Amino acid sequence: MPALLQEEYKYFASTGLRYQALDLSHFHDVPTVLVVLWDRAGLFSVGAASAPTPAVWRKAFIEAFQAYDWTQVLHKTVQTDFLSEDCQINC
């Protein structure tokens, strides 16, 4: 099994989150990856990385998962529902 698939299975698949990795290298002169991940509740995050190394995939996934962790913290601690009728902003 290729190393990238082993890492995906070991670290990412076991989280239960859904994710999509996009190779954006054809837009740049260096390998660039964008990762979007989400859960069943609708929380999502995005991570991206550019680097002239195969580790760029790992870096993008790590950033997306770190952002997701922060999204969970915000979701649990911030009680504002920006889509509620009490919204003070013209949504």
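Leaving aside neighbours within four places in sequence, with which residues is Leu17 in contact? The answer is Leu37, Trp38, Asp39, Phe65 and Tyr68, where contact means heavy atoms within 4.5 Å. The points below place this residue in the chain.

1. Basis of the model. This is a predicted model, in which local features need pLDDT of at least 70 and side-chain atom pairs count only at pLDDT 80 or more, while totals for chains, interfaces and linings use all residues. Residues are numbered from 1 along each chain as its sequence is written, and side-chain values use heavy atoms, with hydrogens and water left out.

2. Overall organisation. The chain has 2 helices and 3 strands, arranged from the N terminus as α-β-β-β-α. Helices (H or I, at least four residues) and strands (E, at least two) are DSSP runs, numbered from the N terminus. Of the contacts in the chain with a separation of 6 or more, 29% are accounted for by residues 24 or more positions apart.

3. The chain exposes about 7000 Å², of which carbon and sulfur atoms supply 58%; accessible areas come from the Shrake-Rupley method with a 1.4 Å probe, and for residues only the protein chains shown count as cover. Of the 91 residues, 22% count as buried. Buried means under 20% relative accessible area, exposed over 50%, and partly exposed in between (1.4 Å probe, protein chains only).

4. Strand pairing. Strands β1 and β2 run antiparallel and are joined by 6 bridges; two strands pair if DSSP finds at least two bridges between them. Arg18 has Trp38 in β2 as its bridge partner. β2 also pairs with β3 (residues 44-50) in the antiparallel sense, over 7 bridges, and Val36 has Val46 in β3 as its bridge partner. The hairpin of β2 and β3 has 5 residues between the strands, and Gly42 takes a positive phi near 100 degrees there.

5. Leu17. This residue lies in the loop between α1 (3-12) and β1 (18-23). Leu17 counts as buried because its relative accessible area is 13%. Its C-alpha atom is separated by 9.6 Å from that of Phe65, 48 residues apart along the chain.

6. Nonpolar core. The largest nonpolar core has 15 residues, among which Val35, Leu37, Phe61 and Phe65 touch the most other members. β2 (32-38) and α2 are the elements that give two or more residues to this core, and α2 provides the largest share, 6 residues. Such a core is a set of buried Ala, Val, Leu, Ile, Met, Phe, Trp, Tyr and Cys residues joined through side-chain atoms within 4.5 Å. Not counting residues up to four places away in sequence, Leu37 touches Leu17, Arg18, Tyr19, Leu43, Phe44, Ser45, Ala64, Phe65 and Tyr68.

7. Tyr68. Helix α2 holds Tyr68, which counts as buried because its relative accessible area is 5%. Beyond four places in sequence, Tyr68 is in contact with Leu17, Leu37, Asp39, Leu43 and Ser45. The C-alpha atoms of Tyr68 and Leu43, 25 residues apart along the chain, are separated by 7.7 Å.

8. Partly exposed Leu74. Helix α2 (residues 56-77) also contains Leu74. Leu74 counts as partly exposed because its relative accessibility is 36%.
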